[in-house]
Amino acid sequence: MLMDYIRGAISFQSSTYEQVEHDEGFTITAWILVGVSSFLAMLGVNAGIAVESLSNWLLSALLMSVFMLIGFAIAAAVVTGDGRLAFKADVTYAEMVRTLGLASVWISVGFLGILVLFMPVLICIIGPALIVGTSAAIVSWLLAAHRALDTTLPQTIFTILLAWIVWILLWALAS
């Protein structure tokens with residue numbers, strides 16, 4: 001079932017987000033997906049540290065993942081709160097965690113940064129891949145929130161932008 005959900009998220013199937021929105025058993029899995037995706041991304045982002053110290057690399061990736069998880073929790077709260085207050089959306093925090101958590105699988109694309117350690121010339125390929133992965137994460141978040149909030153697309157975009165600004169600020173502080 002999990003792999004079906006992940007395939008649905010990767011292929012931008014909006015029905016998948018509707019399924020996880022109502023799958024109460026998926027809440028813990030969504031949190032785990034965010035944690036694992038964040039850790040993988042931070043391993044790639046911090047790959048340069050691995051050359052100096054393996055333990056510092058792992059510790060840095062772990063700590064930044066914790067901040068990413070906290071940022072996700074706050075971003076999901078922002079989307080839920082803004083959707084409910086500003087747009088009268090009928091959504092719970094748990095529903096938002098499930099949908100946005102699944103959409104966050106795209107964050108793990110950041111792991112590709114680790115390949116630069118082995119072949120620095122790959123930066124020409126990895127850089128664009130990271131841009132595509134980030135773009136896919138944004139589209140996936142929009143699709144997930146749009147399904148969970150049942151709002152218009154401009155309302156969903158506003159809500160997601162607000163949440164991402166909060167998340168990016170938290171991540172920047174953590175860095």
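The model shown is a predicted one.

**View 1. Ser 38, a buried residue in helix H3.**
Let us start with a serine. Ser 38 sits in helix H3. Its relative accessible area is 0%, so Ser 38 is buried. Which residues does Ser 38 contact, leaving aside its neighbours within four places in sequence? They are Ser 65, Met 68 and Ile 107.

**View 2. Trp 31 and Phe 72, an edge-to-face pair.**
The structure contains 9 aromatic pairs, and here is one of them. The ring centres of Trp 31 and Phe 72 are 5.4 Å apart and the planes stand at 85 degrees, which makes the pair edge-to-face because angles over 60 degrees count that way. Trp 31 belongs to helix H3 (residues 27-45) and Phe 72 to helix H5 (residues 54-87), so the pair links distant parts of the chain, 41 residues apart. Are these two residues buried, exposed or partly exposed? Trp 31 counts as partly exposed, at 28% relative accessibility, whereas Phe 72 counts as buried, at 0%.

**View 3. Phe 72 again, now with Trp 167.**
Phe 72 also pairs with Trp 167: the ring centres are 6.0 Å apart and the planes are at 65 degrees, so this pair too is edge-to-face. The partners are 95 residues apart, with Phe 72 in helix H5 and Trp 167 in helix H9 (residues 153-174), and they link distant parts of the chain. Trp 167 has a relative accessibility of 5% and therefore counts as buried. If you widen the view, you will find a cluster in which ring pairs link Trp 31, Phe 72, Trp 141, Trp 164 and Trp 167.

**View 4. A nonpolar patch on the surface.**
Now for the outside. Val 51, Leu 112, Leu 115, Leu 117, Phe 118, Met 119 and Val 121 make up a nonpolar surface patch, and together they have about 660 Å² of accessible area. Which helix gives the most to the patch? Helix H7 (residues 115-118) does, with 3 residues. Leu 112, another member of the patch, is found in the loop between helix H6 (93-103) and H7. With a relative accessible area of 31%, Leu 112 is partly exposed.

Side chains of opposite charge can pair when their charged atoms come close. The count here comes to 2 salt bridges. Asp 4 is partly exposed, having a relative accessible area of 44%.

**View 5. Arg 147 and Glu 18, a salt bridge between two helices.**
How far apart are the closest N and O atoms of Arg 147 and Glu 18? They are 3.2 Å apart, and the two residues form a salt bridge. Arg 147 is in helix H8 (residues 123-149) and Glu 18 in helix H2 (residues 14-22), so the pair ties together parts that are 129 residues apart in sequence. Arg 147 has a relative accessible area of 27% and is partly exposed. Glu 18 counts as partly exposed as well, at 34% relative accessibility.

Methods
Residues numbered from 1 in each chain as written. Predicted model: local features only at pLDDT ≥ 70, side-chain atom pairs only at ≥ 80, totals over all residues. Heavy atoms only, no water. Phe/Tyr/Trp six-rings, centres within 6.5 Å; stacked < 30°, edge-to-face > 60°. Helix = DSSP H or I, 4+ residues; strand = E, 2+ residues; numbered from the N terminus. Buried < 20%, exposed > 50% of the residue type's maximum accessible area, 1.4 Å probe, protein only. Patch = residues over 30% accessible without salt bridge, like charges linked within 9 Å, V, L, I, M, F, W, Y side chains within 5 Å. Areas by Shrake-Rupley, 256 points an atom, 1.4 Å probe, with all protein chains shown as cover. Salt bridge = Lys/Arg side-chain N within 4 Å of Asp/Glu carboxyl O. Contact = heavy atoms within 4.5 Å.
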